[in-house]
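Hi everyone, thanks for coming. I'd like to walk you through a structure that will be new to you, so let's get it up on the screen.

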Amino acid sequence: MKKFVSLFAALMLAVAAPLSVWAEEPLKPYEGLVTEVFDGGFLMEDTQMGLLQVNTDENTVLDGILSIQPIEAGMYVLVDHNGMMARSIPPQVYGMRVGCYTLNGIAGEITPEGVLLTGDPNFGEVFVQMTPTMANVFPGVPMLVYYDGVITMSLPGKVNARYVVVPELTGVVSEKDGAGFTLTDEAGNAYRILTSDALLVGQLAANSEAPLPGSPEAETLAAEGTDVAVDEAVASAKTSNETAAGENTGADKTAEAPAAEEATADEAADKDTQLLHDEVIAAQPEGAFISWGDGDTVTVYHQGPMDAQSGAELIALGLLVHR
């Protein structure tokens, strides 16, 4: 009998061990934008499931900025849960921990991997790793970055952005002059936009699958004679008026340019194409390639404030023309 009990206990341990390992496996948190807050919880647009109701109580741990301020609509949050879900409409889960982690600063150097954020009140300089589907970013633009709460110990520290907000306005151009123009949005709100010769102007592709400027895919398109402005096209335009007029592709002219001129033009092109978004197919100083004016629909990226009111005078740092 004792042997039977011992054998039974050994078998139970053998079965329980892998179960305990599975139980300790962390559950992927829900994450997304808060759409509505109510007593005892909130609604969020989860990136995978869509609309989701998160119920909270006095035992819910509030982390990040939520430890010092209440949750609000528009925040991007991460929700730790116990894996249980009520099959209601919308589905309901219990939030064991709700975190909201943010960085605030100004966009500095921009690379294909992300942006160097400067001036954050807590961390100073932080490299923000971004995906091409996130917000367009121009140098000098204020950024509100939501991330996963993890920052590396490197110098500068690195974070993985989950959601990025920059001050932008979309509307129709009118009264364009040497100092700027008036932008009127769909609601009829009008803004005075100030510009300079250093304004970066880009064009939105017709589809969101357009490659990043300077990527191998964009170079291939340029070589085929498309209207995509990649680094080589920008460089060749700076060394040839014929290319800027559209008589030849940038890839052809770059091959003909002297090596010294190529190096100088490449440096200028790298500076002029500091833009991160998969819908952008061109970015260079105003007037280099893309014409725009009264009647065109554009998106303006400005110096702020984020919640600019109608009638405000704003300084544009970047502009994307809708085609």
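I'll start with the overall numbers, then go through some particular spots.

A bit of housekeeping. This is a predicted model, where local features need pLDDT of at least 70 and side-chain atom pairs count only at pLDDT 80 or more, while totals for chains, interfaces and linings use all residues. Residues are numbered from 1 along each chain as its sequence is written, and side-chain values use heavy atoms, with hydrogens and water left out.

Okay, the overview. The protein has 6 helices and 18 strands; helices (H or I, at least four residues) and strands (E, at least two) are DSSP runs, numbered from the N terminus. Out of 323 residues, 42% count as buried. Buried here is under 20% relative accessible area, exposed is over 50%, and partly exposed is in between, using a 1.4 Å probe and protein chains only. And if you take the contacts (heavy atoms within 4.5 Å) with a separation of 6 or more, 60% of them are between residues 24 or more positions apart.

Now the core. The largest nonpolar core has 27 residues, and the ones touching the most other members are Leu103, Val128, Met130, Val137, Met143, Val164 and Val166. By nonpolar core I mean a set of buried Ala, Val, Leu, Ile, Met, Phe, Trp, Tyr and Cys residues joined through side-chain atoms within 4.5 Å. Several strands give two or more residues to this core, including β7 (97-111), β10 and β18. The largest share, 4 residues, is from β7. As for Val164, leaving out residues up to four places away in sequence, its contacts are Met130, Met134, Ala135, Met143, Leu144 and Val145.

Next, aromatic rings. How many aromatic pairs does a search of the whole structure find? There are 6. Rings of Phe, Tyr and Trp (its six-membered ring) pair if their centres lie within 6.5 Å; planes under 30 degrees apart are stacked, over 60 edge-to-face, and the rest tilted. Take Tyr76 and Tyr146: the ring centres are 6.4 Å apart with the planes at 40 degrees, so this pair is tilted. Tyr76 is in strand β5 (residues 76-80) and Tyr146 in strand β10 (residues 142-147), so the pair ties together parts 70 residues apart in sequence. Both Tyr76 and Tyr146 are buried. Tyr146 also pairs with Tyr163, again tilted, at 6.2 Å centre to centre and 45 degrees between the planes. Tyr163 sits in strand β11 (residues 157-165), 17 residues from Tyr146. Is Tyr163 buried or partly exposed? It's partly exposed, at 31% relative accessible area. Put together, Tyr76, Tyr146 and Tyr163 form one aromatic cluster.

On to strand β14 (residues 190-194). In a regular strand, side chains alternate between the two faces of the sheet. In β14, Tyr191 and Ile193 are on a covered face, while Ala190, Arg192 and Leu194 are on an uncovered one. Strand β13 (residues 180-184) runs antiparallel to β14, joined by 5 bridges; two strands pair if DSSP finds at least two bridges between them. Leu183 is opposite Tyr191. This hairpin has 5 residues between the strands, and there Gly188 takes a positive phi near 90 degrees. β14 also pairs with strand β18 (residues 313-322), this time in the parallel sense over 3 bridges, with Glu313 as the bridge partner of Arg192.

While we're in β18, have a look at Val321. Val321 is buried, with a relative accessible area of 0%. Its contacts, not counting residues up to four places away in sequence, include Val201, Leu204 and Trp292. Trp292 has something else going on: the charged end of Lys176 sits over its ring, 3.7 Å from the centre. That label needs NZ of Lys or CZ of Arg within 6 Å of the ring centre and within 35 degrees of the ring normal.

The Ile89 to Pro90 peptide bond is cis, with omega near 0 degrees, and Pro90 is in the loop between β5 and β6 (92-94). Gly304 and Pro305 are also joined by a cis bond, with omega about 5 degrees. Finally, Glu175 isn't a glycine, yet its phi is positive, near 55 degrees. Glu175 is exposed, at 55% relative accessibility.
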